[in-house]
Amino acid sequence: MHPRAGAPLSRRRFLALSATGAAAGAAALNGCALQVSTGVGAAGETVTVMVKADDLTPDLVKQAKKDTGITIERVDYDITKLIAMLTSGNPPDLVRGVGAVDAAYFAARDVMQELDSYFATSSVLRLDDLDPVNDLWRYDGRVQGKGARYGMAKDFSQDSMFWYNTAAFDKKGVAYPAETEPVTFEEWLDDAQHLAQRSKGQTSVFGGSYNGLVKLTLMATMTASAGGSLFADDFAKVDFTTPEARKALAWYMDYCRLKVGPSPVLPDPNGWDGPTYQAGRMAMSNSGYWMGGMIGTDKKLAEVSRLAPAPVFAGGPRISACQGGTGLWMPRKSKNKDAAWRIFEWFFGEAPAKARAAGGWGIPTLKSLRPLMPHQEDYQKRTLSAQENELKHFSVVALSPYISGDAFESLFNQTATPAMKGEMSVDRLAGRLNSVINEQIKRGKEQVG
């Protein structure tokens, strides 16, 4: 049974729910109607918002006070501190979260406030203006993407799309990917092998990077692209031995083994694709639209960069999911819900949302803000055209609420390392992953009830 709404949530129980020490939300990511709210939230109140530094800058805190009359007390996001605040009954009023991996996980543990009544009466965040990506923040008690709304994404990308550098393709005589039709995963990997450059046994230019945001979303999305589901219908088990999941797993093991791009066995010294791609040391990066914000700061790089559709498996459906959807959620025990909702409206539907949309660091999650996306320069028009075509193929890939993104990541990388090095067969790996991950999911299900 779920704890009833408002029932005490002991620290022991919450820590048990986060048994691996990897409560969802620790995975970092990146990640509109500009009307003024006529709804709830009185000036002069204070709300506590737990976010990362670049989510809510000091200037934005000042702007919030000016625009809404409400004072924001910003607290740095820290999962241990969040657990302590939740279990003590004194949580933040709003919390940063990653919709794809956090929404179902926290909603199943009954610590999130349902927001449907707020959305229903909002003049700023109208239901008919919400992009479907916000369904990542819905959960009906069994399936992510349906049911009550528990949060909202500030912006998003279809994270299986990839950027590529035409100069790198020209140097190696490799044909460019099509602008609107996807390459297959097999073609992508073949291109990456031709594009990789090595010197004295060391990789000097990565042919391509394809790691997703976390392994949980990567494996679930790739399995969906093969025409299957990583999870059983009740989300209580994974099965890597199905033909579709095995196909996804085998492809990723080949990617790691061939060392065409960064992986757990070939780390990128920069820690993420951005600086490496910017330095001309990566020919392709599956970072999605949002990385265009960085690419656009270097006009020479922008001129040779293209955004391509998410790859597909031959014969599989065309899936182009969001693996992030970073935003905010409201704890059930927040003591300033109405004022918090007013900040929620302001952050997602007013001045900050307008600035984010114009910056090119993500697709706005209110459809009415789409016209603000950068489109003045030729390279911006080209990128926007590719992105608009891809939106037709968006879908929510539901994840299990019984395991966090971090727990899956740790178990996957630890178990799969020998296979990434070519020292274990894919079939043997699939069995081992089923064993260790399903044990963790079983514990999570028992804890949720």
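Which residues of α4 are buried? I opened my notebook with this question and found G99, A100, V101, D102, A103, A104, Y105, F106, A107 and A108. I took buried to mean under 20% relative accessible area, exposed over 50%, and partly exposed in between, with a 1.4 Å probe and protein chains only.

**Entry 1: The model.** I noted that this is a predicted model, in which local features need pLDDT of at least 70 and side-chain atom pairs count only at pLDDT 80 or more, while totals for chains, interfaces and linings use all residues. Residues are numbered from 1 along each chain as its sequence is written, and side-chain values use heavy atoms, with hydrogens and water left out.

I looked up the confidence, given as pLDDT, the predictor's confidence in each residue from 0 to 100. The protein chain averages 91, and 91% of the residues score at least 70. Over residues 1-39 the pLDDT is below 50, yet this stretch has 110 contacts in the model beyond near neighbours in sequence; contact means heavy atoms within 4.5 Å. Where pLDDT is low, the predicted coordinates should not be read in detail.

**Entry 2: The five-stranded sheet.** I used DSSP runs for helices (H or I, at least four residues) and strands (E, at least two), numbered from the N terminus. Two strands pair if DSSP finds at least two bridges between them. I traced an open sheet in the order β2-β1-β3-β13-β6, with mixed pairing. Strands β2 and β6 (151-153) stand at the edges with a single partner strand each, so one side of each is left without a neighbour in the sheet.

Strand β1 (residues 46-51) pairs with β2 (residues 71-76) in the parallel sense over six bridges, and T46 has T71 as its bridge partner. With helix α2 (residues 58-68) between them in the unit's name, β1 and β2 make a right-handed β-α-β unit. A crossover is right-handed if, with the strands pointing away from the viewer, the path from the first strand over the helix to the second runs clockwise.

Strands β3 (residues 94-98) and β13 (residues 326-329) run antiparallel and are joined by four bridges; R96 stands opposite L328. Helix α4 packs on the sheet, touching β3 and β13, and its direction makes about 120° with that of β3. Why is α4 (residues 99-108) largely enclosed by the rest of the structure? I found that 10 of its 10 residues are buried, so the helix is largely enclosed. After α4 comes D110, whose phi is positive, near 60°.

**Entry 3: The three-stranded sheet.** I found an open sheet in the order β11-β8-β12, with antiparallel pairing. Strand β8 (residues 162-165) and β12 pair over four bridges. Opposite residues in β12 are R306 for Y164 and L307 for W163. Both faces of β12 are covered, with S305 and L307 buried on one side and R306 and A308 buried on the other.

**Entry 4: Two crossing helices.** The axes of α8 (residues 215-225) and α16 (residues 405-420) come within 8 Å and cross at roughly 80°. K215, L216 and M219 in α8 meet G405, F408, E409, F412 and N413 in α16.

Terms used
Axes fitted to C-alpha atoms, helices over the stretch in contact; angles between N-to-C directions.
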